[in-house]
Amino acid sequence: MKSKSGKRIGIFGFGCVGQGLHDVLQDNPHLDVAKICVRDKEKLRTLPKHHFTYDAQELLQDESIDLFAELISDPEEALLIVRQALEAGKTIVSANKKMISENLPELVALQEEFGGTLLYEAAVCGSIPILRTLEAYYGNEPLQEVSGILNGSSNYILTKLDAEGISYDEALAQAQALGFAEADPTLDVGGYDALHKISLIAAHAFGAVIKPEQVLRAGIQHISRRDVALAQALGGRIRLVATARLNQHKKLELQVLPTLVFPDSELYYVEAEFNGVQLQARYAGDQFLKGRGAGSHPTGSAVWADVSAALAGYKYKYPKFKYNDEAQLKPVPLEEDDELKVYVRTTMPEFLPQLPWRELRVFGTGKREVQLVGTIGRKDFLLYLPALKQTIAFIAQIPAHVSAEQVVNASYLKLEEVV
């Protein structure tokens, strides 16, 4: 059926997000779906075959299509699609956070050169309109910090561990059965997904273009019930928190780390597949946004919001980007000198690297594993983090106000319950 507006959309991909968008479009008859481009001709789908094409160029070269939705998982193929659309001056929305975060300067330049539009709200926090909020409300106000729980799959797993005391493997299996986690969950539980999202947030919040290797990143894949019990004994919970923060020297700190959060933080109450983002603005003060961060319909709804905005002529303005004389984006300096307090537990203590700790307390020493809590310089931690991960370590940030003595005492308090 022809849409009332006469506008047509071409969709690339019909996985979780693509199907979610198609469902949303059924209740919004403003667009006519031209075709849906997919790769696998043999895969069983919920729509008849005449809805699909297997040639991306059939969509990209169709002049009757007004805009595209790129919703495939392959970042390299996604980049080719988005690049060609922008070079043709077209409008395209995307949910591929890895592709966008790693190629943002090029994609911004293509929009400026050819007049196309790229929107990607759905790539960041599912149903939470964080990028639009940053652009519309904080584009001209200095921000101190944007941080949050940006991955629904990891948060679902951590919620199950905290509430039910089950193992990581059991919680992961439940998340996969519900469709929150992929068969290969590495991108989610390893912190890569949140890294790409906080990179995009940093671009809109601080004008920063970030390389992934500049960000402190650790995941939750090695968490144990002992770690969860320790957090509970301290009165907190462990959450995978992504942070972009200006410190007292006006330098940017970026990290994705399991973090101990307490009831005085809104993140303490973000559970299951929900995401939560907290903002600290110089004049507006603190704000908090919460919404579903995983699932077909929440993400499909976010894509539809981008589609609707694009049809109305909306574009990102990137008000905080700074350029050099050659009209190229200038890098924002990242902080390297600050220190942070971390908790580490490893089952391979014999392979622990000799880190330059500024303070260190080792406890729970045994033949099978060792626990420690210490403070270390951010630059040093980033340097030694790959070697530390080789010891199959679980790593979490501890707030500065929690002392090493408190951590040690809490560990012994809960020891008998998890042995």
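Helix α5 (residues 130–138) packs against helix α9 (residues 192–206) at an angle of about 10°, and their axes lie 9 Å apart. Axes here are lines fitted to C-alpha atoms, for helices over the stretch in contact, with angles running from 0 to 180 degrees between N-to-C directions. Helices (H or I, at least four residues) and strands (E, at least two) are DSSP runs, numbered from the N terminus. The model is a predicted one, so local features need pLDDT of at least 70 and side-chain atom pairs count only at pLDDT 80 or more, while totals for chains, interfaces and linings use all residues. Residues are numbered from 1 along each chain as its sequence is written, and side-chain values use heavy atoms, with hydrogens and water left out.

With angles under 35 degrees counting as roughly parallel, α5 and α9 are therefore roughly parallel to each other. On the α5 side, I130, L131, L134 and E135 meet L200, I201, H204 and A205 of α9, contact meaning heavy atoms within 4.5 Å. The residues of this contact split into 6 nonpolar, 1 polar and 1 charged (Ala, Val, Leu, Ile, Met, Phe, Trp, Tyr, Cys and Pro are nonpolar; Asp, Glu, Lys and Arg are charged; the others, Gly among them, are polar).

Then there's T375, found in strand β15 (residues 370–377). T375 counts as buried at 8% relative accessibility (buried is under 20% relative accessible area, exposed over 50%, partly exposed in between; 1.4 Å probe, protein chains only). Leaving out residues up to four places away in sequence, T375 touches E339, L340, K341, W357, R358 and E359.

Y384 sits in helix α12 (residues 378–389) and, at 27% relative accessibility, counts as partly exposed. Not counting residues up to four places away in sequence, Y384 touches P353, Q354, L355 and P356. The C-alpha atoms of Y384 and Q354 are separated by 8.8 Å, with the two residues 30 apart along the chain.

Methods
Angles under 35 degrees count as roughly parallel, over 145 as roughly antiparallel, 65 to 115 as roughly perpendicular and the rest as oblique.
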